[in-house]
Amino acid sequence: MMENKDLPLELVLIGGSSGSFVIFEEILKLLDRPLSCAILFVLHRGKSSLFELPKLFRSKTQVRMEEPQHLDPIMKNCIYFAVPDYHLLVGPDERFYLDGTEKDFFSRPSLDATFISAAQSGIYIKAAMIFSGASEDGALGMKIIAERGFKTYVQNPTIAEVERMPAAAIRTHGKHHILTENVFEEIRSILYSYST
């Protein structure tokens with residue numbers, strides 16, 4: 001079935017830091033058919049990061065992948081990776097904005113910058129997820145998203161490679177859904193819950 005171009009844009013936000021790279025890779029392997037949403041991956045990456053994640057992950061999925069540039073439109077059935085040394089912001093005009101302001105939790109891109117801007121954009125957030133990481137980045141953004149009525153998911157800290165990031169999200173807002181040992185089965189179900 002072809003994607004209905006008239007359906008409104010939906011976002012899935014996925015963030016992590018230390019220990020999340022392999023999780024991102026495994027999530028991409030789940031994407032074996034078109035998506036009805038846009039997926040935004042935010043991974044802490046330093047300014048000196050030279051690798052382009054779409055090229056690195058090219059063999060993992062047939063879904064289109066990009067590192068968005070300033071003012072690029074956000075498209076359905078596309079996977080986006082935040083570029084190094086910029087915060088990736090989501091605008092109410094359904095475009096990306098690259099922001100070079102101060103680092104958040106010593107990181108640029110930061111999860112909070114993307115998650116909070118998405119929550120404020122008026123665009124429907126299908127799901128927001130946080131995985132392994134060594135800082136508390138993302139906890140506030142997840143709280144704001146949850147309080148606006150969108151679904152939020154946090155990796156169980158006990159199974160995360162580095163528990164600080166998911167633990168902070170749970171401590172900041174205690175009503176997130178906790179992803180269990182069957183994490184990838186759950187994620188696939190979430191991503192394709194309304195796909196065409």
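Begin with the open sheet of seven strands, whose order is β3-β4-β2-β1-β7-β8-β9 with parallel pairing. Strands here are DSSP runs of E of at least two residues, helices are runs of H or I of at least four, and both are numbered from the N terminus; two strands pair if DSSP finds at least two bridges between them. Select 64-66 (β3) and 177-179 (β9): these strands stand at the edges with a single partner strand each, so one side of each is left without a neighbour in the sheet. From one strand to the next, the twist averages 20°.

The model is predicted: local features need pLDDT of at least 70 and side-chain atom pairs count only at pLDDT 80 or more, while totals for chains, interfaces and linings use all residues. Residues are numbered from 1 along each chain as its sequence is written, and side-chain values use heavy atoms, with hydrogens and water left out.

Next, select residues 10-16 and 124-130. These are the parallel strands β1 and β7, joined by six bridges. L13 has A128 in β7 as its bridge partner.

Helix α3 (residues 111-121) lies across β1, β2 (38-43) and β7, and runs at about 160° to β1. Angles run from 0 to 180 degrees between N-to-C directions, with axes fitted to C-alpha atoms, for helices over the stretch in contact. Helix α5 (residues 164-172) lies across β1, β7, β8 (152-155) and β9, at about 135° to β8.

Move to helix α1 (residues 21-29) and display its buried residues, I23, F24, E25, I27 and L28. Buried means under 20% relative accessible area, exposed over 50%, and partly exposed in between (1.4 Å probe, protein chains only). The buried residues of α1 pack against β1, β2, β3, β4 (78-81), β8 and α6 (183-191), where contact means heavy atoms within 4.5 Å.

Finally, turn to the charged side chains. The whole structure holds eight salt bridges, each a side-chain nitrogen of Lys or Arg within 4 Å of a carboxyl oxygen of Asp or Glu.

- Select E26 and K29: their closest N and O atoms are 3.1 Å apart, and both residues lie in helix α1, three residues apart.
- Select R188 and D32, which meet in a salt bridge at 2.6 Å, N to O. The pair links helix α6 to the loop between α1 and β2, 156 residues apart.
- Select D85 and R108, with closest N and O atoms 2.8 Å apart. D85 lies in the loop between β4 and β5 (87-90) and R108 in the loop between β6 (96-99) and α3, so the pair ties together parts 23 residues apart in sequence. Both residues are buried.
- Select E136, R164 and R171, which are linked in a network of salt bridges.
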